[in-house]
Amino acid sequence: MRLRITAAAVAALAVAAAGLALWTRAEPIAPVDPPAAAAAPAVLAAGARVVALGDCMVCHTARGGAAYAGGLGLDTPFGTIYSTNITPDPETGIGRWSAQAFRRALREGVSRDGHLLYPAFPYIHTTRMSDADIEASYHYLMSREPVRATPPDNALVLPLNFRPLLAFWNMLYLRPGDAGIPARQATPLERGRYLVDTLGHCASCHSGMNLLGGERHPPFQGGNIDGWDAPALTRLTGGAAPWTQAELVDYLRGGLSGAHGAAKGPMRPVTERLAGVPREDVDAMAAYLMSIQDAGPAAAPAAAPTPPSADLSADLPGRRLFAAACAGCHAPAAPMMRVDGRPGLARSSAVLGERPDNFVQTVLHGIPWETGSKVYMPPFADTLSDAQVAELAAYVRTGLAGRAAWPDTATKSATLRKETPQ
Ligand code: HEC
Ligand code: HEC
Ligand code: HEC
C-alpha cells in the first residue's frame with residue numbers, strides 16, 4: 001500500500017514536472033550568422049560605456065581568464081552558478097545570437113535556446129535597460145575578441161538545478177521593463193536613478209536577500225555579499241562620518257575617498273569599472289544617492305572626528321600589535337597618509353559599522369593591488385591569529401574611533417577565514 005501511494009505520488013510529481021517544464025518553456029530564437037561588419041564607432045563607444053556601467057565584465061570574466069569568456073563562480077545560498085561566455089565565439093559564446101535574442105535575455109532572463117536563466121544574472125534590473133543601451137551593448141560585445149570557453153557545470157542544491165522552477169521566481173520578482181525608459185532620463189537625477197537602479201544594479205548587493213533569493217524591500221537597506229557587509233545606501237548622510245555628494249563621486253570613480261576610505265571586497269571592481277565612465281554619469285549617480293537619504297542631503301562637509309584619547313588606547317593589548325603591523329602605513333605621520341589627503345581609520349565604515357565583518361575581511365584579505373590603483377594593503381590571514389585580529393579590532397574601534405568594542409570578533413574572524421579563503 002505504502003509503496004503504491006509512493007509510486008502514485010512519484011507519477012503525479014513527474015506529470016506536474018513535465019507540465020511545468022512545458023508551461024515554462026520559452027521558444028528558442030533561431031541562430032543567425034555573425035554580423036559581417038562591426039557597428040559604427042559611435043555605437044561601439046556607447047556600448048563600451050553601457051557595459052562598464054553594467055559591470056558585465058566583472059561577472060563574465062573568471063579570475064585570470066579572458067575578458068567576457070565567463071566561468072566566474074558566483075556563490076549563492078543555493079550553490080554556485082557560473083557566468084557564461086558572452087564573447088562572439090559562435091560555438092561557446094553569443095556569436096550566433098541575434099540582437100533580438102540578446103534583448104530577450106536582458107529583458108526576460110531567457111537564453112537563446114529558450115532555457116530560463118538564474119537571477120544571479122541581474123536581469124530583474126537589466127529588464128529596465130533602454131532599447132538603445134541594449135542595442136549598443138550587443139554591438140560592443142559582438143566586436144570583442146571571440147574566445148572558445150565553456151563554463152564549469154553549476155553546483156546547485158536540489159530542486160533548484162531544475163531551471164523551469166525559475167518561472168515561479170520570475171512571477172514573484174520580475175517586472176519586465178517597458179520602452180518608455182529613455183524619456184525618464186531627462187534630468188541628471190533621472191539619469192542617476194537609471195544608472196543606480198537599472199544598469200548599476202546596486203540593489204543586488206545593497207538591498208540584501210530574502211529566503212527565496214529575492215531582493216528585500218524597501219531597497220538599499222544594506223545586505224551581505226561574499227562575507228562582506230554592503231552598507232545601507234539610504235543612511236550615507238547620517239551617522240558618525242556623513243558623506244557629501246563630492247565624496248561619493250571620488251569614492252565611486254577612484255575607489256578612494258579622502259574623507260572615508262577605500263572601496264574594498266566586492267565593491268572594488270565596481271569602482272574600477274566606474275573609473276572609466278564619463279564623469280557626468282558618476283555625478284548623476286551621486287546626486288541620485290543624495291536624494292534617497294533618510295536624513296536628507298548632508299548640509300555641511302563632514303565634521304572632523306574626535307581625536308582619540310591617549311589614555312583610552314594606552315592599555316589595550318592591540319596597541320603594540322598595531323604599532324608593529326599597521327602603523328607603518330596607518331599612523332598619522334606615515335608616508336601613505338600624507339599623500340592624497342588620506343583619512344584616518346576612524347572615519348571608515350569598516351570601523352564605524354555595527355558589525356566587524358568588513359574590518360576583519362580587510363585585515364585578513366587586504367586590498368589586492370590593481371594596475372593604476374593608488375590603494376594596496378597586504379593580506380594578514382597568514383600572519384595574524386583570530387585572537388590577534390580581535391585585539392586589533394578592539395584597539396582601532398575603541399582606541400582610535402572611541403566606540404564600544406564589537407562582541408565576538410575572534411569568532412567572526414575564524415568564520416570568515418574559513419568561508420572566504422583566498
Ligand atoms: C552579478 C553578475 C552578473 C552581471 C553584473 C552580469 N551578468 Fe550576465 N550573467 C550572469 C550569470 C551568472 C549568467 C548565467 C546565468 C545562467 O546560466 O542561468 C549570465 C548570463 C548572461 C547572458 C545569457 C548567456 C547565455 O548563454 O544564456 C547574457 C546575454 C548576459 N549574461 C549578458 C550580460 C550583460 C550584457 C551584462 C551587463 C549589462 C551582464 N550580463 C551582467 C551574471 C552577470
Ligand atoms: C602597506 C601598507 C598597509 C599596511 C601595513 C596596513 N594597511 Fe590597512 N590599508 C592600507 C591602504 C592603502 C588602505 C586603503 C585606505 C587608504 O588608501 O587610505 C587600507 C585600509 C584599511 C582599512 C579600511 C579603511 C578604509 O579605507 O575603509 C582597515 C580597517 C585597515 N586598513 C586596517 C589595517 C590593519 C588593522 C593593519 C595592520 C594589521 C593594516 N591595515 C595594515 C594600507 C596598509
Ligand atoms: C557586488 C556587490 C556590490 C555592488 C554591485 C555594489 N556594491 Fe557598493 N558596496 C559593496 C560592499 C561589500 C561595500 C562595503 C565595502 C567597503 O566598505 O569597502 C560597498 C560599499 C559602498 C559604498 C560605501 C558605503 C559606506 O558607508 O562606506 C557606497 C557609497 C556604495 N557601495 C555605492 C554603490 C553603488 C552606487 C553601487 C551601484 C553602482 C554599488 N555600490 C554596487 C558591494 C556592492
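How many bridges join β1 to strand β2, and which way do the two run? Four bridges join β1 to β2 (residues 79-82), and the two strands run antiparallel. Welcome to a short tour of this predicted model, in which local features need pLDDT of at least 70 and side-chain atom pairs count only at pLDDT 80 or more, while totals for chains, interfaces and linings use all residues. Residues are numbered from 1 along each chain as its sequence is written, chains are lettered from A and ligands numbered from 1 in the order in which they are written, and side-chain values use heavy atoms, with hydrogens and water left out.

**The sheet**

β1 and β2 form a hairpin with two residues between them, and Gly-73 stands opposite Tyr-82 in β2. Strands here are DSSP runs of E with at least two residues, helices are runs of H or I with at least four, and both are numbered from the N terminus. Two strands pair if DSSP finds at least two bridges between them. Three strands form an open, antiparallel sheet in the order β1-β2-β3. β1 (73-76) and β3 (155-156) stand at the edges with a single partner strand each, so one side of each is left without a neighbour in the sheet.

**The iron sites**

Now to the metals. Donors are N, O and S atoms within 2.8 Å of the metal (3.2 Å for Na, K and Ca); water is not among the atoms, so sites may look incomplete.

| Iron atom | Protein donors | Distance |
|---|---|---|
| Ligand 1 | His-60 (NE2) | 2.1 Å |
| Ligand 2 | His-330 (NE2), Met-377 (SD) | 2.0 to 2.2 Å |
| Ligand 3 | His-206 (NE2), Met-267 (SD) | 2.0 to 2.3 Å |

The site of the iron atom of ligand 2 is octahedral, with angles of 87 to 179 degrees among its six donor atoms. His-330 lies in helix α15 (residues 327-330) and Met-377 in the loop between α18 (357-365) and α19 (386-400), so the pair ties together parts that are 47 residues apart in sequence. Six donors count as octahedral if opposite donors are over 155 degrees apart and all others between 65 and 115. His-330 is partly exposed at 22% relative accessible area, while Met-377 is buried at 16%. Buried means under 20%, exposed over 50%, and partly exposed in between (1.4 Å probe, protein chains only).

The iron atom of ligand 3 also has an octahedral site, with angles of 88 to 179 degrees among six donor atoms. Its pair links distant parts of the chain, with His-206 in helix α9 (residues 203-206) and Met-267 in helix α11 (residues 267-274), 61 residues apart. His-206 is buried, with a relative accessible area of 11%.

For the iron atom of ligand 1, His-60 is the only protein donor; His-60 is found in the loop between α3 and β1.

**The second largest pocket**

His-60 returns here: among the 47 lining residues of the second largest pocket, His-60, Thr-84, Asn-85, Ile-86 and Leu-117 lie nearest its centre. α4 gives the most to this lining, with three residues.

**Backbone details**

The peptide bond from His-217 to Pro-218 is cis, with omega near -10 degrees, and Pro-218 sits in the loop between α9 and β4 (223-225). Phe-220, in the loop between α9 and β4, has a positive phi of about 65 degrees although it is not a glycine. Phe-220 is buried at 4% relative accessibility.

Terms used:
Tetrahedral: all angles 85-135°; square planar, octahedral: opposite > 155°, others 65-115°. 1 Å grid on protein atoms, 1.4 Å probe; cavity = no way out; pocket = protein on both sides within 12 Å on 5 of 7 lines; lining within 4 Å.
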